[in-house]
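Please consult the sequence and the structure shown here.

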Amino acid sequence: MCIRDRSMSIPSAQKYQLGCRIVNCSTSGSVPFGAKGVVVRLLASGSAAEVVMDLPFPSGSALSGRLKTPRGAILPLKHLLVTHEHGSSLQAAANAEEAAANPTASAASEQPRNVEALMRAAAVAASGRSPLSLNESPQ
């Protein structure tokens, strides 16, 4: 149970990183309680994250046109329960995608410079499917 207003609360020592799977544990707000998604950006404030949820929801954002369906939101970290940490595997997937795009560079040892590549890798890790475009909705 991950309701903040009850006796059990979200663990305070969670590690938030790009690509980690989360569950929304807020009982109020625009994102449905229990909605699952992926962290795609950590805000500079250190208290919120941009997330892409698995399913569209009525007040979701298309994240400035980066998504075809309204699945995005900016949520306070205190409302997110980390269920899986996929940072290292996402990094490897993003690096592999860059290496395939630029075979002359040694991209496997560099940080990915392309945010879209990391977001696609997050979508792949979340769905367990083959690589898909960020503009496609998970089925």
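A residue is called buried under 20% relative accessible area, exposed over 50%, and partly exposed in between (1.4 Å probe, protein chains only). The model is predicted: local features need pLDDT of at least 70, side-chain atom pairs count only at pLDDT 80 or more, and totals for chains, interfaces and linings use all residues. Residues are numbered from 1 along each chain as its sequence is written, and side-chain values use heavy atoms, with hydrogens and water left out.

Two residues stand in the loop between β3 and β4: Leu63 and Ser64. Strands (E, at least two residues) are DSSP runs, numbered from the N terminus. Most residues other than glycine have a negative phi. Leu63, which is not a glycine, has a positive phi of about 50°; for Ser64, also a residue other than glycine, phi is positive and near 55°. Ser64 is exposed, with a relative accessible area of 78%, whereas Leu63 is buried at 5%.

Asn24 belongs to strand β1, which covers residues 21–24. This residue is buried because its relative accessible area is 1%.

| Side chain | Backbone oxygen | Distance |
|---|---|---|
| Asn24 | Val31 | 3.0 Å |
| Asn24 | Pro32 | 3.1 Å |

Leaving aside neighbours within four places in sequence, Asn24 is also in contact with residues including Met53, Leu75 and His79, where contact means heavy atoms within 4.5 Å.

How values were computed. Helix = DSSP H or I, 4+ residues; strand = E, 2+ residues; numbered from the N terminus. Polar contact = N/O pair within 3.5 Å; in protein donor to acceptor, adjacent residues only side chain to side chain.
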